[in-house]
Each structure stands twice: as C-alpha cells, then as structure tokens.
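I opened the model to look at its helices, its charged pairs and its core. These are my notes, in the order I looked things up.

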Amino acid sequence: MTDTITEATVLPATDPKAFDFAKVDALRKHMLLTVESMVILLGTTRVSYYNWLKAGIKRKKTLEHVRKMVRSMVTLVSNDQWPNPAVYVANQPERLKMLQDLLIELDKEPAN
C-alpha cells in the first residue's frame with residue numbers, strides 16, 4: 001500500500017454516521033489479517049463485521065471500542081512495527097498472536 005495510513009484517514013470523524021467501516025477493512029488488509037483475525041481482535045462475530053461494512057456501527061459503546069482498537073492498530077502501522085519482515089512469513093495464527101502481543105505492550109505504555 002503506497003498511501004500512508006494515519007488515524008485521521010481511518011478514523012476521520014466522531015459522528016457514528018460518518019464512521020466509514022470500509023476504511024477499517026482496508027486497514028485489516030494492509031495489516032495482512034483475515035476477517036477471522038480481525039473479528040477476534042475486535043471481539044465480535046463475522047456476521048457483525050460484515051453488517052458493519054454494509055450499514056456501519058450503530059451502538060455508541062461498540063463504536064468506541066472499535067475506535068480504540070483501530071487507533072492502537074494504526075499506531076503500530078505508523079511506528080513501522082507492523083507489518084515487519086516476520087509478519088510476512090508468519091501464518092495467520094502466528095500473525096494474530098504477534099499482533100496481540102504488540103497491542104498488549106502498546107497498551108502498557110504510558111500515554112503521552
């Protein structure tokens with residue numbers, strides 16, 4: 001992907017009606033994740049994921065959770081921690097575990 005992924009490109013607005021879940025799906029593809037891996041990360045189901053792609057996220061609490069997770073994922077991409085060479089050679093379960101470990105470490109870091 002030649003475009004730079006930033007939080008502003010994936011999460012441009014706070015209005016739930018303006019939230020474009022297709023950009024989250026593009027982030028998933030850029031991060032070399034399957035839908036199955038993404039639903040695990042987001043704590044949802046495949047059905048919900050595809051519904052979000054079609055109609056967006058309706059519940060405010062769900063939207064906040066997805067925004068937080070996507071923000072963390074964008075941070076990893078922006079800091080060149082993902083994808084790295086090990087990610088390209090890993091199979092999907094290994095890739096998911098690597099990402100989960102990075103997200104846990106990122107969550108432990110103090111906020112600036």
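**Entry 1: helix H7**

I started with the length of H7: at 1.5 Å a residue, its 17 residues should span 24 Å, and its end C-alpha atoms are 24 Å apart, which agrees. The expected span is 1.5 Å times one less than the number of residues in the helix. Helices here are DSSP runs of H or I with at least four residues, strands are runs of E with at least two, and both are numbered from the N terminus.

I noted what kind of model this is: it is predicted, local features need pLDDT of at least 70, side-chain atom pairs count only at pLDDT 80 or more, and totals for chains, interfaces and linings use all residues. Residues are numbered from 1 along each chain as its sequence is written, and side-chain values use heavy atoms, with hydrogens and water left out.

Next I asked which residues of H7 are buried. I found Gln92, Arg95, Leu96, Leu99, Leu103 and Leu106. Buried means under 20% relative accessible area, exposed means over 50%, and partly exposed is in between, with a 1.4 Å probe and protein chains only. Viewed down the axis of H7, the buried residues fall within an arc of 95 degrees, so they line one face of the helix. The arc is taken from the directions that run from the helix axis to the C-beta atoms. On the other side of H7, I found Pro93 and Lys108 exposed. The cover over the buried residues of H7 includes helix H3 (35–42), H5 and helix H6 (85–89).

I then looked at the N-terminal end of H7. Asparagine 91 caps it, with a side-chain oxygen 2.9 Å from the backbone nitrogen of glutamate 94. For such a polar contact I used a pair of N or O atoms within 3.5 Å; within protein, one must be able to donate a hydrogen and the other to accept it, and residues adjacent in sequence count only if both atoms are side-chain atoms.

**Entry 2: salt bridges**

How many salt bridges does the structure hold? I counted five. A salt bridge is a side-chain nitrogen of Lys or Arg within 4 Å of a carboxyl oxygen of Asp or Glu.

Glutamate 105 is partly exposed at 43% relative accessible area, and lysine 108 is exposed at 60%. Elsewhere, salt bridges that share partners join Asp25, Arg28 and Lys29 into one network.

Arginine 28 meets aspartate 25 at 2.8 Å, N to O. They are three residues apart in helix H2, which puts about one helical turn between them. Arginine 28 is buried, with a relative accessible area of 9%, and aspartate 25 is also buried, at 9%. Lysine 29 meets aspartate 25 at 3.6 Å, N to O. Those two are four residues apart in H2, about one turn. Lysine 29 is exposed, at 51% relative accessibility.

**Entry 3: the ends of H2**

I checked what lies at either end of H2 (residues 21–30). Aspartate 20 caps the N-terminal end, with a side-chain oxygen 3.1 Å from the backbone nitrogen of alanine 22. After H2 comes leucine 32, whose phi is positive, near 65 degrees. The buried residues of H2 include Phe21, Val24 and Leu27.

**Entry 4: the core**

Which residues touch the most other members of the largest nonpolar core? Of its 28 residues, they are Phe21, Met73 and Leu99. H2, H3, helix H4 (46–55), H5 and H7 each give two or more residues to this core. H5 supplies the largest share, eight residues. A nonpolar core is a set of buried Ala, Val, Leu, Ile, Met, Phe, Trp, Tyr and Cys residues joined through side-chain atoms within 4.5 Å.

I listed the contacts of methionine 73, leaving aside neighbours within four places in sequence: Leu27, Met31, Leu33, Met38, Leu41, Leu99 and Leu103. Contact means heavy atoms within 4.5 Å.

**Entry 5: the whole chain**

Last, I looked at the chain overall. The protein chain has seven helices and zero strands. Of its 112 residues, 38% count as buried.
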